[in-house]
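Subject: Structure for you to look at

Dear colleague,

I am handing over the structure we spoke of, and below it you will find my notes on what turned up when I went through it. Please read them with the coordinates open beside you.

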Amino acid sequence: MKTNFLFIALLGILCCSGTTKKQNSKFGGVQIGTITYSYRELPNQSLEATLDYAVKSGLSSVELMGYTVESYAGIPAENKKEWRATVSMDKFKEVKKMFKDKGVKINILKLETFGSPEEIDYAFRVCKTLGAIGITTEVSYDVAKRVAPFAEKHKLYLILHNHCQSGDPNFSYDPILEVSKAVKLNFDAGHYFGVTGKNPCDFIRQYHSRIASLHLKDKTGPTTADACGVNKPWGQGETPIKEILQLLKKEKYPIEADIELEYKVPGGSDPVREVAKCVEYCREALK
């Protein structure tokens with residue numbers, strides 16, 4: 001009787017633990033995340049609050065803003081360079097565990113501390129400690145030349161983000177990507193479409209092996225009022241978001257698609273709800 005009772009109790013525990021819902025925003029093989037910049041308008045910008053926002057939006061992956069994680073780690077208002085050169089990684093280990101316990105992966109870190117070699121090395125040490133694949137910053141040949149050796153050293157990626165550069169007929173990504181295999185792209189499909197009016201799917205097909213992640217947003221093409229296009233709520237712009245997501249699904253490209261909330265949040269809503277709407281849009285698009 002005692003043995004049977006213990007067996008039944010253990011079975012009950014296993015069954016209950018199996019019903020715990022795991023945070024998951026991977027649909028049709030495509031990982032959906034967000035850059036935590038999407039929550040910038042919310043008053044509480046602490047790390048704990050940011051993680052809570054991501055969970056409430058239904059996400060299991062983020063591109064984490066560096067100021068959030070450095071604030072949690074206790075960066076001082078002054079002597080930041082010295083602090084970065086000497087700080088222990090213990091607080092950053094806490095951050096990784098905090099996110100893991102909530103079922104949220106830190107995929108990429110946006111920590112642009114590129115002032116000195118010591119700061120660059122620090123940025124990649126933090127990135128590795130958090131379990132991220134690399135650091136994002138703005139696309140630049142000079143930055144690629146200076147920072148890529150550190151990415152190589154730490155076996156991570158320097159991931160470069162575009163804004164409106166693609167509208168310049170003299171601009172090319174090729175010389176930047178040729179700097180190192182450690183250089184990849186954080187391809188903003190919305191900005192690309194907004195400034196060129198071209199289908200981002202063609203760019204993704206061409207450069208898929210060098211793209212680490214996408215930023216998704218809905219925009220118009222270039223207009224007379226705004227040469228970089230106008231941000232719209234998802235489904236009201238012209239960016240072929242569904243086609244982009246279906247391409248990732250069909251080709252099984254290992255590219256994460258991150259929501260970047262840039263349209264005006266409507267009255268009665270907030271960024272958490274709006275990101276959740278975008279997550280649902282992606283889920284539907286990937287059916």
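Lys 110 is buried in this predicted model, because its relative accessible area is 13%, and the cut-off for that class is under 20%. This lysine belongs to strand β4, which covers residues 105-110, and its side chain is joined to that of Glu 138 by a polar contact of 3.4 Å. When neighbours within four places in sequence are left aside, the residues in contact with Lys 110 are Ile 35, Glu 63, Leu 64, Met 65, Gly 66, Thr 136, Thr 137 and Glu 138.

Two other lysines are placed over aromatic rings. Lys 91 lies over the face of Tyr 72, at 4.6 Å from the ring centre, while Lys 184 has its charged end over the ring of Tyr 157, 4.8 Å from the centre of that ring.

For Phe 92, if residues up to four places away in sequence are not counted, the residues touched are Val 69, Ala 73, Trp 83, Val 87, Tyr 122, Val 126, Thr 129 and Leu 130.

Strand β11 (residues 256-259) is covered on both faces, with Glu 256 and Asp 258 buried on one side and Ala 257 and Ile 259 buried on the other. Strand β2 (residues 30-35) pairs with β11 in the parallel sense over three bridges, and in that pairing Thr 34 stands opposite Ile 259. Strand β8 also pairs with β11 in the parallel sense, over four bridges, and there Leu 214 has Ala 257 as its bridge partner.

Helix α9 (residues 189-196) is largely enclosed by the rest of the structure, because seven of its eight residues are buried. Those seven are Ala 189, Gly 190, His 191, Tyr 192, Phe 193, Gly 194 and Val 195, and the elements that they pack against are β6 (157-161), β7 (183-188), α10 (200-207), β8 (211-216), β9 (218-219) and α11 (241-251). At the start of α9, the backbone nitrogen of Gly 190 has a side-chain oxygen of Asp 188 within 3.1 Å, and just after the helix Gly 197 takes a positive phi of about 75°.

Finally, the aromatic residues: searching the whole structure gives eleven aromatic pairs. One of them, formed by Phe 171 and Tyr 173, is edge-to-face, with 4.8 Å from centre to centre and 85° between the planes. Phe 187 and Phe 203 form a stacked pair, with 4.2 Å from centre to centre and 10° between the planes. Because Phe 187 lies in strand β7 and Phe 203 in helix α10, this pair ties together parts that are 16 residues apart in sequence, and both of these phenylalanines are buried. The residues of these two pairs, Phe 171, Tyr 173, Phe 187 and Phe 203, form one aromatic cluster together with Tyr 192 and Tyr 207.

With best wishes

Notes:
Residues are numbered from 1 along each chain as its sequence is written. This is a predicted model: local features need pLDDT of at least 70, side-chain atom pairs count only at pLDDT 80 or more; totals for chains, interfaces and linings use all residues. Side-chain values use heavy atoms; hydrogens and water are left out. Buried means under 20% relative accessible area, exposed over 50%, partly exposed in between (1.4 Å probe, protein chains only). Helices (H or I, at least four residues) and strands (E, at least two) are DSSP runs, numbered from the N terminus. Contact means heavy atoms within 4.5 Å. A polar contact is a pair of N or O atoms within 3.5 Å; within protein, one must be able to donate a hydrogen and the other to accept it, and residues adjacent in sequence count only if both atoms are side-chain atoms. Two strands pair if DSSP finds at least two bridges between them. Rings of Phe, Tyr and Trp (its six-membered ring) pair if their centres lie within 6.5 Å; planes under 30 degrees apart count as stacked, over 60 as edge-to-face and the rest as tilted. A charge sits over a ring if NZ of Lys or CZ of Arg is within 6 Å of the ring centre and within 35 degrees of the ring normal.
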